[in-house]
Amino acid sequence: MQYETMKKGIFLERPNRFIAHVDVEGRQVICHVKNTGRCRELLVPGAEVWLERGTNPKRKTDYDLITVRKGEKLINMDAQAPNKVFAEWAGEFEPALTQMHSEYTYGKSRLDFCLQTAEGLHMVEVKGVTLEQDGHACFPDAPTERGVKHIHELIRAVEEGHRASIVFIIQMEEAVDFAPNDVTHPAFGDALRQAAAAGVEIVAVNCHVKPNSLTVFRRVPVLL
């Protein structure tokens, strides 16, 4: 996926989870943070960031914070990007794809995608990953009861005869593997291992990241 007009800046502070103050060419601007996660290891004062200019004249902020540099790594922290990236990659992920439905209602949840094939339905939930340490990516960075609920819906889908997958889109290139963040939310890790045992496919891919783009690179091992 590609972003439009980008501007480089220096992160100053994040007064709340929705906005950040960024220095752009010596001028402090308020921008929208497109990720409500904690992102404490990313948004540190002095970090190099890239902003996309918004196009809606009714917006309260002129920019969205998209990409941040963490050491030598470029990390995309746009929470809306993983679903867009997956949609572009879906035909490679599911070669038998004939039709794709997004925001698909299944049971009591709304799953990210339902991939239709000649063999049946393939339910897919997508999770964006920005948390890593020494090249090891993990999810979540904060407890997510909604994420646990989605996992159980996918288990039910398999029990009812459908295919089901959870795809972790790692929004950086350098990640070498992926694991659930059992320290932050052990229930999520337990549910993920239960899903794998039930036949839900657990997939993790890292991405090529540029300040203005994000594309799937390759699969990495999932450590459960």
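Modeller: Before we start, strands here are DSSP runs of at least two residues, numbered from the N terminus. And keep in mind that this is a predicted model.

Colleague: Is His-21 buried or exposed?

Modeller: Look at what surrounds it: beyond its neighbours within four places in sequence, His-21 is in contact with residues including Ile-10, Phe-11, Leu-12, Val-29 and Ile-30. Buried means under 20% relative accessible area. His-21 comes out at 12%, so it counts as buried.

Colleague: How many disulfides does the structure hold?

Modeller: Take Cys-39, whose closest cysteine sulfur is in Cys-138. A disulfide needs the two sulfur atoms within 2.5 Å, and this pair is 12 Å apart, so that's too far for a bond. Cys-138 is in no disulfide either. For the structure, the count is 0.

Colleague: Is Cys-138 buried or exposed?

Modeller: The cut-off for buried is under 20% relative accessible area. Cys-138 has 18%, so the word is buried.

Colleague: Now the largest nonpolar core. Which helix gives the most to this core?

Modeller: That core has 45 residues, and Phe-168 is one of those touching the most other members. Setting aside neighbours within four places in sequence, Phe-168 is in contact with Phe-139, Phe-178, Phe-188 and Leu-192, among others. As for helices, the top contributor supplies 5 residues and spans 145-159: helix H2.

Terms used: Residues numbered from 1 in each chain as written. Predicted model: local features only at pLDDT ≥ 70, side-chain atom pairs only at ≥ 80, totals over all residues. Heavy atoms only, no water. Core = buried A, V, L, I, M, F, W, Y, C linked by side-chain atoms within 4.5 Å. Buried < 20%, exposed > 50% of the residue type's maximum accessible area, 1.4 Å probe, protein only. Helix = DSSP H or I, 4+ residues; strand = E, 2+ residues; numbered from the N terminus. Contact = heavy atoms within 4.5 Å.
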